Amino acid sequence: MKIIFLDADGTLFHPKGFIPTSAKEAIYKAQANGHKIILCTGRQKSEIYGDLTSIEYDGVVLGSGALVMAKDTILKDVAFSQKQKDIIIEYMSSHSIGFFFEMNEGLLINEEGMQKMEEIYINYCKGLSEEEKKINGVTRLYTTVIPTSYEDMKTCNANKVTFLESDIPFIKIKNDLSDTFDVIPCTFTPLGKESGELADLHLSKANGMDVLIEYFNIDRKDVIAIGDGENDIPMLKNAHVAIAMENGKESVKKVADYITSSIDEDGIYNAFKHYNLI
C-alpha cells in the first residue's frame, strides 16, 4: 500500500475549475488497488468546493499543514497566536498591503485587499460567459472573501495569510517577516507576481504529511507526493518518491525524482501508471 499526497491547484485542480477526468480515473483505480489518496494543499477547508469535492479522499492536509484530517477525524488543528496576528496586522496596515486571513471557516480580507480583488476580478473575468465565471478560480475567491475590520481580524482563528501584490516587493516582505513566519510566493498567479503567503515557521505540508503517515502506519518507502508550486517543495522532499508536474516551477522540478506530463496532458494518470499504482 502506498500513500499518495496530491497538491490541489495546478496539480489535481485545473485553473479553470475542474479536475481532469483522467485524474479522477487514476485516483479511483489507485484506491481500488488499496492505496491511500491524500489532498495536500494550502487551501482551507472552506475552499474545498466544486469539483474538488467529487473525490472521497482518505485524508486531507489543509492550510499547508494547519489542519489534518483522516476522513472526518481531526488529527491536527492549529492557529496563529495573538502575537502573530498583531504582527501581521500592524505590518500589512502600515504598508497598505491587501491581505486576507485564512481560517477553516472562511477568508477575512482587509479594505485594501477587497479593492485589489475587485480589480483582479474585473480584469480576469472580462469576456467570460456567466458559466465560465462561475467556476473560475478568481470568481470563487472574490465571492468567498469577507471584508473585515482589523479589530475583528484580531479575534479570528486564522492559521495562514495570503497577501496580494502591492507597491512593496515580495523580497522586502520576506526579509522583514521571515524571522517570525515562513514566507513563500503565492501559488495563485492572478494575485500578482509580488504576492505571497505567510504561515507559522513550524508548519508545512511536510509535517502535515507526517501526521497521516503515522496515523495510517505507512512505511516511509511507500510515500509518494505530486506537486507543482514552491509550497510543494517541503512535501516533495518529505516523500520517498517526489513527482513534479511538467507545468510546475523549475525549482520544484529540481527536487523531483520524476517529472510527469502537465495537468492538461493527464499528468496524474501518467504518473500513477509510471509507478504501477494503477
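Trainee: How much space lies in the second largest pocket?

Mentor: About 260 Å³. That volume is the space filled by probe spheres set on grid points, which are joined across faces, edges and corners. This is a predicted model, where local features need pLDDT of at least 70 and side-chain atom pairs count only at pLDDT 80 or more, while totals for chains, interfaces and linings use all residues. Residues are numbered from 1 along each chain as its sequence is written, and side-chain values use heavy atoms, with hydrogens and water left out.

Trainee: What makes something a pocket, and which residues count as its lining?

Mentor: On a 1 Å grid over the protein atoms alone, a pocket is an open set of points where a 1.4 Å probe fits, with protein on both sides within 12 Å along at least five of seven lines; a lining residue has an atom within 4 Å of a point. For the second largest pocket, the lining includes Leu39, Lys45, Tyr57 and Asp72. Strand 3 (residues 59-62) gives the most to this lining, with three residues; a strand is a DSSP run of E of at least two residues, numbered from the N terminus.

Trainee: How many residues line the largest pocket, and which are closest to its centre?

Mentor: The largest pocket holds about 600 Å³ of space. Its lining has 28 residues, and Pro15, Thr187, Phe188, Thr189 and Pro190 are the closest to the centre.

Trainee: What makes strand 8 and strand 10 edge strands?

Mentor: Six strands form an open sheet of mixed pairing, in the order 8-7-6-9-11-10. Strand 8 (146-147) and strand 10 (181-185) each pair on one side only. Two strands pair if DSSP finds at least two bridges between them. Strand 10 and strand 11 (residues 196-200) have five bridges, in the antiparallel sense, so they pair. Pro185 has Gly196 in strand 11 as its bridge partner.

How values were computed:
Helices (H or I, at least four residues) and strands (E, at least two) are DSSP runs, numbered from the N terminus.
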